[in-house]
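Colleague: I'm new to this one and would like to learn how to read it. Could you show it to me and walk me through a few features?

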Amino acid sequence: VQLQASGGGLVQAGGSLRLSCAASRSFVAIYDMGWYRQAPGKQRELVATFASGGATLYADSMKDRFTISRDNAKNTVYLQMSTLKLEDTGVYYCRAIVPRTYGPAAVYWGQGTQVTVSS
């Protein structure tokens with residue numbers, strides 16, 4: 001599965017951005033797809049994801065400001081980010097988990113898109 005992330009950029013604090021992640025495979029074959037981010041000097045962390053079983057998971061610090069959505073026809077997941085804060089700066093990665101017939105599921109990462117929030 002190839003994941004193409006886009007939509008990052010420079011935005012002022014309080015502003016909004018929408019990220020997109022297009023998958024090369026139908027969502028039927030993907031049972032977990034969502035967004036992670038990595039701030040400078042920090043570990044990669046969950047932002048929001050459509051998990052297996054249909055659950056939608058958000059990081060507590062972002063659930064009131066960020067919304068994950070999907071377009072099944074386009075195999076695309078979106079992340080609408082609002083009321084952005086300086087600490088939201090980082091590289092945002094799209095991740096997909098694809099089950100395999102044999103062995104553990106495969107994890108795929110997109111190339112990342114930079115989000116920079118300025119004061």
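Predicted model: local features only at pLDDT ≥ 70, side-chain atom pairs only at ≥ 80, totals over all residues.

Colleague: Okay, let me try the word out on a pair. Are Arg95 and Asp32 buried or exposed?

Modeller: Buried, both Arg95 and Asp32. They're also partners in a salt bridge, with 3.4 Å between the closest N and O atoms. That bridge ties together distant parts of the chain, since Arg95 belongs to strand E9 and Asp32 to strand E4 (residues 32–38), 63 residues apart.

Colleague: What's the general idea behind a salt bridge?

Modeller: Side chains of opposite charge can pair when their charged atoms come close. In this model, a search of the whole structure turns up 5 salt bridges.

Colleague: Which residue does Glu45 form a salt bridge with?

Modeller: With Arg37; the closest N and O atoms there are 2.8 Å apart.

Colleague: Strand E9 keeps coming up. How many of its residues are buried?

Modeller: 8 of 9, so E9 is mostly covered, going by that under-20% cut-off.

Colleague: Which sense does the pairing of E9 and strand E10 (residues 106–109) have, parallel or antiparallel?

Modeller: Antiparallel, over 4 bridges. Find Ala96 and you'll see that its bridge partner in E10 is Tyr108. E9 also pairs with strand E11 (residues 113–118), again in the antiparallel sense, over 3 bridges; there, Gly90 has Val115 of E11 as its bridge partner.

Colleague: Can we zoom in on one residue of that strand? What does Ile97 touch?

Modeller: Leaving aside residues up to four places away in sequence, Ile97 touches Ile30, Tyr31, Asp32, Ala105, Ala106 and Val107. Ile97 lies in strand E9 and counts as buried because its relative accessibility is 12%. For a sense of distance, the C-alpha atoms of Ile97 and Ile68 are 17 Å apart, and these two residues are 29 places from each other along the chain.

Colleague: You mentioned Cys94. Which cysteine forms a disulfide with Cys94?

Modeller: Cys21, with the two sulfur atoms 2.0 Å apart. It's a link between distant parts of the chain: Cys21 is in strand E3 (residues 17–23), Cys94 is in strand E9, and 73 residues separate them. A search of the whole structure finds 1 disulfide. The angle about the S-S bond is -85°, and the link is left-handed. Cys21 is buried, because its relative accessible area is 0%, and Cys94 is buried with a value of 0% as well.

Colleague: Last topic: backbone angles. What is the phi of Asn75?

Modeller: About 50°, a positive value although Asn75 is not a glycine. Asn75 is placed in the loop between strand E7 (66–71) and strand E8 (76–81). It counts as buried because its relative accessibility is 17%. Its contacts, not counting residues up to four places away in sequence, include Cys21, Ala22 and Phe27.

Colleague: And where is Thr83?

Modeller: In the loop between E8 and strand E9 (90–98). Thr83 also has a positive phi, near 45°, and is a residue other than glycine. At 45% relative accessibility, Thr83 counts as partly exposed.

Technical notes: Residues numbered from 1 in each chain as written. Heavy atoms only, no water. Helix = DSSP H or I, 4+ residues; strand = E, 2+ residues; numbered from the N terminus. Buried < 20%, exposed > 50% of the residue type's maximum accessible area, 1.4 Å probe, protein only. Salt bridge = Lys/Arg side-chain N within 4 Å of Asp/Glu carboxyl O. Pairing = 2+ DSSP bridges. Contact = heavy atoms within 4.5 Å. Disulfide = S-S within 2.5 Å.
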